[in-house]
Amino acid sequence: MTHSYTTAFAASQPAALFAATRARSVLVVEDERDIAELIALHLSELPANVTIANDGVSGLDLALQQHWDTIVLDIRLPGLNGLDLCRELRSKLSPVPILMLTARSGELDRVLGLELGADDYLTKPFSVIELRARVKALLRRSAITTAAQNDAAAHKPSSLIRGQLKVDRLQRRAWLAKGEITLAPREFDLLWHFVQHPGRVFTRTELLDEVWGYSHDGYDHTVNSHINRLRTKLGDERTDAGFIHTVWGVGYRFEASE
Ligand code: CA
């Protein structure tokens, strides 16, 4: 099965239940439809908007598509199993709380042994009351994490000054010795990335990953050409103390002399 659907259970709950708290979003990845719908029914009472995926591949797609407050993840799934799905999510640095469902205690040993980064576990058959309590705890934790992330984003500096260079993140503008330099969007992103980490060496792959948001072999020339244009605009070829330095065999490092 490759489809998923949003349950109608949440809509059937009294409106008063939703007024007090914003309904949280929960993704349930479980191929056994009876179990999935039972879980959805009980979690919708938290309240939560519950979406069900019936296999691992669509589960992973959905997990990566939007923000979830918690994911309930069965281990035995067609396509991609729950262990691999969890590993994949964590490799993409997703911080979403994950509750894993295991069919037997032998599987639980494996989950614990692999240290996949799941946050909690329940062995089937489980009590729905217990499941609801566990998910509620994870939702509470996810609310705290989200609040902390928002705080961190709010405290991120809106502009940075490095030597003669000033870069403003919100205006997306940059000035060098009081004269403004005109940057293409990606050049600006690249410069902002560098000025946040003076002295640190980045490989081309890291820059692709962190600035472009993807990393594929064969795109090194993309990084090189952007770096070259940025260097020209920063006047790096005209001065001894340039901003962007090539670290031979590794990548690039940004430095600003005072
Ligand atoms: Ca299953």
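Biologist: Leaving aside neighbours within four places in sequence, which residues is Asp120 in contact with?
Modeller: Asp120 is in contact with Ile98, Leu99, Met100, Arg134 and Leu138. Keep in mind as we go that this is a predicted model.

Biologist: Thanks! With which side chain does the side chain of Asp120 make a polar contact?
Modeller: With that of Arg134, at 3.0 Å.

Biologist: And is Asp120 buried or exposed?
Modeller: Buried: its relative accessible area is 18%, and the cut-off for buried is under 20%.

Biologist: Where does Asp120 sit in the secondary structure?
Modeller: In strand β6, which covers residues 120–123.

Biologist: How accessible are Asp31 and Glu32?
Modeller: Asp31 is partly exposed, with a relative accessible area of 29%. Glu32 also counts as partly exposed, at 38%.

Biologist: What about Asp74, which way does it point from β4?
Modeller: Asp74 points one way together with Thr70 and Val72, while Ile71 and Leu73 point the other way.

Biologist: Why do you call strand β4 largely enclosed by the rest of the structure?
Modeller: Because 5 of the 5 residues of β4, residues 70–74, are buried.

Biologist: Nice. Which strand pairs with β4 over 4 bridges in the parallel sense?
Modeller: Strand β2, residues 24–29, does that, and Leu27 stands opposite Ile71 there. Strand β5, residues 98–102, also runs parallel to β4 and is joined to it by 4 bridges. In that pairing, Ile71 stands opposite Ile98, and Ile98 is one of the residues in contact with Asp120.

Biologist: Good link! Zooming out, how many helices and strands does the protein chain have?
Modeller: It comes to 9 helices and 13 strands.

Biologist: And what share of the chain is buried?
Modeller: Buried residues make up 41% of the 258 residues. The chain exposes about 13700 Å², with carbon and sulfur atoms supplying 52% of that.

Biologist: Last one: what share of the contacts with a separation of 6 or more is between residues 24 or more positions apart?
Modeller: Such pairs account for 58% of those contacts in the protein chain.

Terms used: Residues are numbered from 1 along each chain as its sequence is written. This is a predicted model: local features need pLDDT of at least 70, side-chain atom pairs count only at pLDDT 80 or more; totals for chains, interfaces and linings use all residues. Side-chain values use heavy atoms; hydrogens and water are left out. Helices (H or I, at least four residues) and strands (E, at least two) are DSSP runs, numbered from the N terminus. Buried means under 20% relative accessible area, exposed over 50%, partly exposed in between (1.4 Å probe, protein chains only). A polar contact is a pair of N or O atoms within 3.5 Å; within protein, one must be able to donate a hydrogen and the other to accept it, and residues adjacent in sequence count only if both atoms are side-chain atoms. Contact means heavy atoms within 4.5 Å. Accessible areas come from the Shrake-Rupley method with a 1.4 Å probe; for residues, only the protein chains shown count as cover. Two strands pair if DSSP finds at least two bridges between them.
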